[in-house]
Amino acid sequence: MSADAGPALSDLPSLKVALQSLGVVADKRFGQHFLFDLNVCRKIVRNAGVGVGDTVVEVGPGPGGLTRALAEGGADIIAIERDARFLPLLEEIAARADGRLRIVHGDALEIDEQALLADRGAHLVSNLPYNVGTPLLMKWLLGPWRPLSLTLMFQKEVADRLVALPGRSAYGRLSVIAQILCDIRTVMDLPARAFTPPPKVDSAVIRALPLAARPDEAELSALQSLTAAAFGQRRKMLRASLRAFGGASLCESIGIDPSARAETLPPEAFLALTRAWRKTQGD
Ligand code: SAM
């Protein structure tokens, strides 16, 4: 290091040592399972495809493994952490990130990303707390803020549901809504032992790119109601599960077999059913 250079990211102690020196133990209430292996964190950042010139929102930086990898890659980072115990560790990363790391202490479920970003486009890259992973994803898929891309770690079972195709047991309402709104795929699988403390289940990273052609808000709201009915009784035929929406006649009006079951229908068929139903309502 030259005499006038500030501290470098590479000067930081290992994540394990940094956490131990703070005396912080994982709190299950906040879904805390940490990634100590920086190479795994760097791989997530590579999969996210973010770097110099990109703004990234990271939810739940915790001790900051992924944050360090994002900072190394050159991105501008806004890190939202609910647990104040991690703030000193995050400040140490910020001191080495040339002003590219802003730390926000707060609950990501409550935060208004648009206000935070002030019209700047941003990518999401996060190892999400599992207990609020799905509500956070719904907020980002359906809410007013549109991330440029989403690279997110979920428990494997949730990741499988997001990418599942019709006919698979994991295929359901979450698959339909996610796939109507995004091009989505799994980019990494991680065993439970990759985390400290290890969770009970394995994990996977998904990457989602929001599609430009997006149903409007009224259609999305109706799609949520219709898929809730269809998958609420997934073993029933559509004529029965969609009775409140017009059942057999709704299906037949757009050439869908009323004796089919929800799990066999592709996402676009649910959108077509939703649009046909809205027409019957005069919308
Ligand atoms: N990114 C770190 C890593 O990979 O090692 C930690 C990931 S840990 C699975 C989830 C993190 O999210 C924890 O630091 C936890 O405190 C934080 N968290 C939990 N609920 C949150 C919320 N509602 N808003 C913001 N952060 C939250």
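Here are legends for close-up views of this predicted model.

Before you zoom in, note that local features need pLDDT of at least 70 and side-chain atom pairs count only at pLDDT 80 or more, while totals for chains, interfaces and linings use all residues. Residues are numbered from 1 along each chain as its sequence is written, and side-chain values use heavy atoms, with hydrogens and water left out.

View 1. The protein chain is split into domain 1 (9–210) and domain 2 (217–280), with bounds that come from an automatic or database domain assignment. Their centres, taken over C-alpha atoms, sit 34 Å apart. Across the boundary, 14 residues of domain 1 are in contact (heavy atoms within 4.5 Å) with 17 residues of domain 2.

**View 2. The nonpolar cores.** A nonpolar core here is a set of buried Ala, Val, Leu, Ile, Met, Phe, Trp, Tyr and Cys residues joined through side-chain atoms within 4.5 Å. Buried means under 20% relative accessible area, exposed over 50%, and partly exposed in between, using a 1.4 Å probe and protein chains only. The largest core holds 59 residues, and Trp140, Leu152, Phe154, Leu162, Leu238 and Phe270 have the most contacts inside it. At least three residues come from each of domain 1 and domain 2. A second, separate core has 39 residues, including Leu9, Ile77, Phe86 and Val187.

**View 3. Around Leu238.** Leaving aside residues up to four places away in sequence, Leu238 touches a set of neighbours that includes Ala230, Cys251, Ile256, Pro258 and Leu265. Arg243, Asp257 and Arg261 are also among them.

View 4. Helices (H or I, at least four residues) and strands (E, at least two) are DSSP runs, numbered from the N terminus. β2 (residues 55–59) has five of its five residues buried: Thr55, Val57 and Val59 point one way, Val56 and Glu58 the other. Strands count as paired if DSSP finds at least two bridges between them. β2 runs parallel to β3 (residues 76–81) over five bridges, with Thr55 opposite Asp76. Two bridges join β2 to β5 (residues 123–127), also in parallel, and there Val56 has His123 as its bridge partner.

**View 5. The buried side of helix α7.** Val158, Ala159 and Leu162 are buried in α7 (residues 156–163). They cover an arc of only 100° around the axis, so they lie on the same side of α7; the arc is that of the directions from the helix axis to the C-beta atoms. The buried residues of α7 pack against α6 (133–142), β6 (150–155), α8 (173–181), β7 (182–190) and β9 (203–210).
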